[in-house]
Amino acid sequence: MQNIITILQNNPGLLILIIAWSTVWKAIAAWHAARNNQLGWFIALFIINTVGLLEIIYLAFFAKRNVKF
């Protein structure tokens, strides 16, 4: 754990990239959950921070495919 903290302290650009990556996936997944009336997923996506992993799993396996833009 200390190595990860040291790496992020020495590379602020990497931290910004991770935050941007996570925010983009969180926004896309939350939008889909809201449009599909999946309140449980919507809440879970905001509470649980997994650097985009939960969001990608939701979009790949649990999001309804009939969302219209």
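1. Let's start with the rings: Trp41, Tyr58 and Phe62 form one aromatic cluster. Here, rings of Phe, Tyr and Trp (its six-membered ring) pair if their centres lie within 6.5 Å. By that rule there are four aromatic pairs. In one of them, the ring centres of tryptophan 21 and tryptophan 25 are 5.7 Å apart with planes at 65°, so this pair is edge-to-face. (Planes under 30 degrees apart count as stacked, over 60 as edge-to-face and the rest as tilted.)

2. A word on the ground rules before going on. This is a predicted model, where local features need pLDDT of at least 70 and side-chain atom pairs count only at pLDDT 80 or more, while totals for chains, interfaces and linings use all residues. Residues are numbered from 1 along each chain as its sequence is written, and side-chain values use heavy atoms, with hydrogens and water left out.

3. Now the overall layout. The chain has four helices and zero strands, so to speak an α-α-α-α run from the N terminus on, where helices (H or I, at least four residues) and strands (E, at least two) are DSSP runs, numbered from the N terminus. The C-alpha trace spans about 45 × 20 × 15 Å along its principal axes. The radius of gyration is 14 Å, whereas a compact globule of 69 residues would come out near 11 Å; this radius is taken over C-alpha atoms, and the globule rule is 2.2 Å times the number of residues to the power 0.38.

4. How much of the chain is buried? Of the 69 residues, 23% are. Buried means under 20% relative accessible area, exposed over 50%, and partly exposed in between (1.4 Å probe, protein chains only). Back at the tryptophan pair, tryptophan 21 counts as partly exposed at 45%, and tryptophan 25 is also partly exposed, at 24%. Both sit in helix α2, four residues apart, which is about one turn of the helix.

5. Have a look at helix α4 (residues 53-62), where Leu54, Glu55, Tyr58 and Leu59 are buried. Seen down the axis of α4, these residues fall within an arc of 135°, so they line one face of the helix. (The arc is that of the directions from the helix axis to the C-beta atoms.) Leu53 and Phe61 are exposed on the other side of α4. What do the buried residues of α4 pack against? Their partners are α2 (12-35) and α3 (39-47).

6. The structure holds one salt bridge, meaning a side-chain nitrogen of Lys or Arg within 4 Å of a carboxyl oxygen of Asp or Glu. The side chains of lysine 26 and glutamate 55 make it, at 2.8 Å from N to O. Lysine 26 is in helix α2 and glutamate 55 in helix α4, so the pair ties together parts that are 29 residues apart in sequence. Both lysine 26 and glutamate 55 are buried.

7. Last stop: alanine 33, in helix α2. Alanine 33 is buried, with a relative accessible area of 0%. Leaving out residues up to four places away in sequence, alanine 33 touches Gln38, Trp41, Phe42, Leu45 and Tyr58, where contact means heavy atoms within 4.5 Å. Two of those names, Trp41 and Tyr58, also belong to the aromatic cluster.
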